[in-house]
Amino acid sequence: MEDCIFCKIIKGDIPSELVYSDEFVVAIRDIHPVAPVHVLILPRKHFANLSELAETDSGELGSILAAVARAAKKIAELEGIADKGYRLINNCGQDAGQTVMHLHFHLIGGKTLGEKLI
Ligand code: AMP
Ligand code: ZN
């Protein structure tokens, strides 16, 4: 996707602070952190959001979601918050407040997260 900021970050055309990467995902530090640890997990392949990913075949869907879960665990270990825990958030669409139309998951932690909606 030519005009997608996260695709450009994944390609290395826009600088970012890389935290983790593998075959399926790239993880970078969020530029506006809401917690001491705030990392964005970006699937390498462009999907606008989780609903668009859900339309792909089960094999690819499973591979990407598995990669996100495994990356989250590794990032928590790298960031030293594996024992204390973390929250993984996906904003899908307008009412959820999604602002970047490239599927991503926010991994936040490093403090007690008080703003629990559910
Ligand atoms: P969302 O509101 O769920 O779409 O989240 C988009 C997130 O991307 C926000 O938390 C932004 O701070 C973050 N963001 C936007 N541009 C960049 C960038 N160039 N590098 C790192 N994070 C970014
Ligand atoms: Zn993209």
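## A tour of the pockets and the zinc site

Start by selecting α1, β2 (25-29) and β3, which each supply at least two residues of the lining of the largest pocket. Helices (H or I, at least four residues) and strands (E, at least two) are DSSP runs, numbered from the N terminus. This is a predicted model, where local features need pLDDT of at least 70, side-chain atom pairs count only at pLDDT 80 or more, and totals for chains, interfaces and linings use all residues. Residues are numbered from 1 along each chain as its sequence is written, chains are lettered from A and ligands numbered from 1 in the order in which they are written, and side-chain values use heavy atoms, with hydrogens and water left out.

Stay with the largest pocket, which holds about 380 Å³ of space. Now pick F6, D30, I31, L40 and V100, the closest to its centre of the 21 residues that line it. Helix α1 gives the largest share of this lining, 3 residues.

Next, select the zinc ion (ligand 2), coordinated by C4 (SG), C7 (SG), H46 (ND1) and H102 (ND1) at 2.1 to 2.3 Å. Donors are N, O and S atoms within 2.8 Å of the metal (3.2 Å for Na, K and Ca); water is not among the atoms, so sites may look incomplete. The 4 donor atoms subtend angles of 104 to 116°, so the arrangement is tetrahedral (four donors, all angles between 85 and 135 degrees). Colour C7 in helix α1 (residues 5-11) and H46 in the loop between β3 (37-43) and α2 (50-54): this pair, 39 residues apart, links distant parts of the chain. Both C7 and H46 are buried (under 20% relative accessible area, 1.4 Å probe, protein chains only).

Conventions: Tetrahedral: all angles 85-135°; square planar, octahedral: opposite > 155°, others 65-115°. Buried < 20%, exposed > 50% of the residue type's maximum accessible area, 1.4 Å probe, protein only. 1 Å grid on protein atoms, 1.4 Å probe; cavity = no way out; pocket = protein on both sides within 12 Å on 5 of 7 lines; lining within 4 Å. Points joined across faces, edges and corners; volume = space filled by probe spheres on them.
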